[in-house]
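Subject: Structure handover and what was found in it

Dear colleague,

I am passing on the structure below, together with my notes on it. Please read the notes with the coordinates open beside you.

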Amino acid sequence: MDGRWTIMEFEKLLFRAKAGDKQAVNQIIQMYSPLLIKNSLINGVFEEDLYQELVIELLKCIRYFRKKDK
């Protein structure tokens with residue numbers, strides 16, 4: 001895969017992560033890692049605690065994810 005995901009593929013990954021698949025969780029964290037790191041910088045300095053808090057929020061998003069009814 002070239003790094004691009006279809007909505008359906010990403011949704012399947014989310015449901016696997018939500019079901020406790022650690023590999024899927026790690027894959028999502030890796031996917032969002034650049035954004036997490038970018039938002040963990042304060043005045044150009046990487047803040048580990050902030051990064052950890054953002055990862056926790058991402059994990060919460062995975063846990064509470066549900067498919068939107070049309």
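This is a predicted model: local features need pLDDT of at least 70, side-chain atom pairs count only at pLDDT 80 or more; totals for chains, interfaces and linings use all residues.

Residues are numbered from 1 along each chain as its sequence is written, and side-chain values use heavy atoms, with hydrogens and water left out.

Overall fold

The protein chain contains 3 helices and 2 strands, where helices (H or I, at least four residues) and strands (E, at least two) are DSSP runs numbered from the N terminus. Read along the sequence, these elements follow the pattern α-α-β-β-α. The C-alpha trace spans about 40 × 30 × 25 Å along its principal axes. Of the 70 residues, 23% count as buried, a term that means under 20% relative accessible area, with exposed meaning over 50% and partly exposed in between (1.4 Å probe, protein chains only). Among the contacts with a separation of 6 or more, 38% are between residues 24 or more positions apart, contact meaning heavy atoms within 4.5 Å.

Helix packing

Two packed helices are described by the angle between their axes and the distance between the axes. The axes are lines fitted to C-alpha atoms, for helices over the stretch in contact, and the angles run from 0 to 180 degrees between N-to-C directions. Angles under 35 degrees count as roughly parallel, over 145 as roughly antiparallel, 65 to 115 as roughly perpendicular and the rest as oblique.

Helix 2 (residues 22–38) and helix 3 (residues 48–64) pack at an angle of about 135°, with their axes 11 Å apart, and they are therefore oblique to each other. Their crossing is right-handed, which is to say that the near helix is turned clockwise from the far one by less than a right angle, anticlockwise being left-handed. On the side of helix 2 the contact is made by Val25, Ile28, Ile29, Tyr32, Ser33, Leu36 and Ile37, and on the side of helix 3 by Tyr51, Leu54, Val55, Leu58, Leu59 and Ile62. By class, this contact has 12 nonpolar, 1 polar and no charged residues, with Ala, Val, Leu, Ile, Met, Phe, Trp, Tyr, Cys and Pro counted as nonpolar, Asp, Glu, Lys and Arg as charged, and the others, Gly among them, as polar.

Helix 1 and helix 2 pack at about 125°, with their axes 8 Å apart, and are therefore oblique to each other as well. Here Phe10, Leu13, Leu14, Arg16 and Ala17 in helix 1 meet Ala24, Val25, Gln27, Ile28, Met31 and Tyr32 in helix 2, a contact with 9 nonpolar, 1 polar and 1 charged residues.

For helix 1 and helix 3 the angle is about 100°, with the axes 8 Å apart, and these two helices are therefore roughly perpendicular to each other. Leu14, Ala17 and Lys18 of helix 1 make this contact with Ile62, Arg63 and Tyr64 of helix 3, and the residues divide into 4 nonpolar, no polar and 2 charged.

The nonpolar core

A nonpolar core is a set of buried Ala, Val, Leu, Ile, Met, Phe, Trp, Tyr and Cys residues joined through side-chain atoms within 4.5 Å. Of the 13 residues in the largest nonpolar core, Ala17, Ile28, Ile29, Leu58 and Ile62 touch the most other members. Helix 1 (7–18), helix 2 and helix 3 are the elements that give two or more residues to this core, and the largest share, 5 residues, comes from helix 2.

Isoleucine 28 lies in helix 2 and counts as buried, at 1% relative accessibility. Leaving aside neighbours within four places in sequence, isoleucine 28 is in contact with Phe10, Leu13, Leu14, Ala17, Leu58 and Ile62. Isoleucine 29, not counting residues up to four places away in sequence, touches Leu36, Tyr51, Val55, Leu58 and Leu59.

Exposed residues

Asparagine 43 is found in the loop between strand 1 (41–42) and strand 2 (45–46), and has a positive phi of about 55° although it is not a glycine. Asparagine 43 is exposed, with a relative accessible area of 81%. Arginine 66, in the segment after helix 3, also counts as exposed, at 66% relative accessibility.

With best regards
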